[in-house]
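Trainee: Please take one part of this structure and look at it closely. Then connect that part to the rest, step by step.

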Amino acid sequence: MRLDLSGRTALVTGSTQGIGEAIATGLARSGARVGVNGRTAARVEEAVARLRAEVPGAEVVAVAADVATEDGAAQAVAALPEADILVNNLGVFGSAPALEISDDEWRRYFEVNVLAGVRLTRAYLPGMMERGFGRVQFIASDSAVVIPAEMIHYGMSKTALLAVARGFAKEAAGTGVTVNSVIAGPTHTGGVEDFVYQLVDRDLPWEEAQRAFMREHRPQSLLGRLIEPEEIANMVVYLSSAQAAATTGAAVRVDGGYVDSILP
């Protein structure tokens, strides 16, 4: 199955590293024109250079803006006035005792992880509906379903994305636009290797170390290893394609079987 996104324009928020960068690269490799987003121009230009080196001839737009703010969202839309594909990937996470999370932290997690995507969807969805094609995706997490006791504010924000995606899918019903959330499981991103080696023998090669980590600390995973960012990107690219036209309002899992449920 060839996923051809030629002629489509995509915006991927928070795409200067990790899962977001992998998604931007995957979309570009499938022919899409891609807006790479980050808060600083320097970080964005570095990511753009890496993407162009990875995908020669890729058409890339630098979108330096803090989309977690109203002004930043407006700047992003000004830099990329129309998008056929919107991937709301931007997010923050961290651990904190449940009873010590301040009101300001609750607000920050909602602003960054939820409202940033809501604003951009509100900006781009009408144009998609008018043109009769569009793909909106919210990158959620297994924490949306299995709320971590050490970061319930993060879990709350990811649960909210499942509801937001379902609601916007209903708004776009029958227009040719799909809206979905992607539930990502434990993923091999920046800093994860250090975290793993804090918990397992540092003398183990990485492949053995990550499997020991998953076996001992994430035993509910059926995959038995961390997910690579490119594997999440593969799902996003598929959901962005014409072939995924019948998938909307869904919470699609790329979690390695981490969530112990038949349905999300």
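Mentor: Start with R253, which counts as partly exposed at 23% relative accessibility; buried means under 20% relative accessible area, exposed over 50%, and partly exposed in between, with a 1.4 Å probe and protein chains only. Before going on, note that this is a predicted model, in which local features need pLDDT of at least 70 and side-chain atom pairs count only at pLDDT 80 or more, while totals for chains, interfaces and linings use all residues. Residues are numbered from 1 along each chain as its sequence is written, and side-chain values use heavy atoms, with hydrogens and water left out.

The side chain of R253 meets that of D255 in a salt bridge, 3.2 Å from N to O. The term stands for a side-chain nitrogen of Lys or Arg within 4 Å of a carboxyl oxygen of Asp or Glu.

R253 belongs to strand β7 (residues 251-254), where the side chains alternate. Strands (E, at least two residues) and helices (H or I, at least four) are DSSP runs, numbered from the N terminus. The partner of β7 is strand β6 (residues 177-184), joined to β7 in the parallel sense by four bridges; two strands pair if DSSP finds at least two bridges between them. Within this pairing, A251 in β7 has S181 opposite.

The largest nonpolar core contains 34 residues, and I23, L27, V34, V36, L51 and V87 have the most contacts inside it. Such a core is a set of buried Ala, Val, Leu, Ile, Met, Phe, Trp, Tyr and Cys residues joined through side-chain atoms within 4.5 Å. At least two residues of this core come from each of β1 (9-12), α1, β2, α2, β4 (85-88), β6, α8 (229-239) and β7. The most is given by α1, with six residues.

Next, take β4, one of those contributors. Both of its faces are covered: I85 and V87 on one side, and L86 and N88 on the other, are all buried. β4 runs parallel to β1, with three bridges between the two, and L11 stands opposite L86. β4 also pairs in the parallel sense with strand β5 (residues 134-141), over four bridges. There, V136 in β5 is the bridge partner of L86. From β4 the chain passes through helix α4 (residues 103-131) to β5 in a right-handed β-α-β crossover. Right-handed here means that, with the strands pointing away from the viewer, the path from the first strand over the helix to the second runs clockwise.

A further parallel pair is made by strand β2 (residues 33-38) and strand β3 (residues 60-64), joined by five bridges. G38 faces A64 in β3. The chain goes from β2 through helix α2 (residues 41-54) to β3, and this crossover is also a right-handed β-α-β one.

Helix α2 brings the topic back to charged residues. E54 and R29 form a salt bridge, 3.0 Å from N to O. E54 lies in α2 and R29 in helix α1 (residues 18-29), so the pair ties together parts that are 25 residues apart in sequence. R52 is also in α2 and is partly exposed, with a relative accessible area of 41%.

In total, the structure holds ten salt bridges. Among them is the one between R225 and E231, whose closest N and O atoms are 2.7 Å apart; E231 is partly exposed at 30% relative accessible area. E82, D84 and R131 are linked in a network of such bridges.
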